[in-house]
Amino acid sequence: MATPLATRGCLLASRGPPYHAAASSSSSSWPPSSILQLGSRPSRRLHSSSPQVDAAAAPGKSGEYQPSFADDLLLAFFRSKMVEVRVLQSLFPPLLLVLYKALLAPIGNGQLAAMMLARATALSCQWLMGTCSVNSVTLPDGKSWSSGVFVEKCKYLEESKCLGICINTCKLPTQTFFKDHMGVDLYMEPNFEDYSCQFNFGVPPPPLDIDKALKEPCLDICTNARRRRELGKNSSPDELGCPQV
């Protein structure tokens, strides 16, 4: 007759080792599918974000730095706005123009003011006109002042490629500005063959009807002039003039 202890041992032996069975069962199902799914999400996010990084980096590779961008921007601004004299006024402090005209312009019949403007122009306007230097000019009474500025090759004229733009947005507004707001006469003589320009501070400009700059024909680089030549519409002297003047 079996004892109760022997009977319990037989039952445990018939069931098998519960610890190993549980361990084997847990090891066969590890890791759970939910953890695998969580672990796979970061890899999918990284994979989908890599094309965005390449797309953002693509413009940087193809784009090139333009060192003359600021100059082009300023030239475009002056080309469209310089026809208005008030734009030139805005470049100076409010009281400077009034004091300059009242205090400096009358000294020495305007000689001091003209010489100062020549030097200030040569120093501060090379970004717009190109290389320039101070030289001497002859006044109507025969005197000579060092109040001229010679522009070797005007960048504004060369890039605009138009005689009318030079006359209407640079020459005439600038002459009017220095006379009316600074009390100094200015006569500008652009050369439309080599694109140089002579500033004559202290010299009054001639009347418009006899100003030789307004009688010049269109520039050779003007696209409209070339088109008129091809169409044969410039046979008369009047048709040689720039239609923008």
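Helix 10 gives three residues to the lining of the largest cavity, the most of any contributor. The model is predicted.

**Largest cavity**
- One cavity of 30 Å³ or more is counted.
- At least two lining residues come from each of helix 9 (155-160), helix 10, strand 3 (186-190) and strand 4.

**F199 and its contacts**
- Beyond its neighbours within four places in sequence, F199 is in contact with M129, V137, S147, G148, V149, V151, L186, Y187 and M188.

**Aromatic pairs and cluster**
- The structure has four aromatic pairs.
- One of them joins F178 and F201 edge-to-face, at 5.3 Å centre to centre with 85 degrees between the planes.
- This pair links distant parts of the chain: F178 sits in helix 10 and F201 in strand 4 (residues 197-201), 23 residues apart.
- Both F178 and F201 are buried.
- A single aromatic cluster takes in F92, F177, F178, F199 and F201.

**Largest pocket**
- The largest pocket has a volume of about 440 Å³.
- Its lining has 23 residues, and F92, T121, S124, C125 and F178 lie nearest the centre.
- Helix 6 (94-104), helix 7 (111-124), helix 8 (126-129) and helix 10 are the elements that give two or more residues to this lining.
- The lining comprises 20 nonpolar and three polar residues, with no charged ones.
- F92 and F178, both nearest the pocket centre, are also members of the aromatic cluster.

**Q111**
- Q111 lies in helix 7.
- Q111 has a relative accessible area of 31%, so it is partly exposed.
- The C-alpha atoms of Q111 and S146 are 9.0 Å apart, although the two residues are separated by 35 residues along the chain.

How values were computed: Residues are numbered from 1 along each chain as its sequence is written. This is a predicted model: local features need pLDDT of at least 70, side-chain atom pairs count only at pLDDT 80 or more; totals for chains, interfaces and linings use all residues. Side-chain values use heavy atoms; hydrogens and water are left out. Contact means heavy atoms within 4.5 Å. Rings of Phe, Tyr and Trp (its six-membered ring) pair if their centres lie within 6.5 Å; planes under 30 degrees apart count as stacked, over 60 as edge-to-face and the rest as tilted. Helices (H or I, at least four residues) and strands (E, at least two) are DSSP runs, numbered from the N terminus. Buried means under 20% relative accessible area, exposed over 50%, partly exposed in between (1.4 Å probe, protein chains only). On a 1 Å grid over the protein atoms alone, a cavity is a set of points where a 1.4 Å probe fits but cannot get out, and a pocket is an open set with protein on both sides within 12 Å along at least five of seven lines; lining residues have an atom within 4 Å of a point. Grid points are joined across faces, edges and corners, and a volume is the space filled by probe spheres set on the points. Ala, Val, Leu, Ile, Met, Phe, Trp, Tyr, Cys and Pro count as nonpolar, Asp, Glu, Lys and Arg as charged, and the others, Gly among them, as polar.
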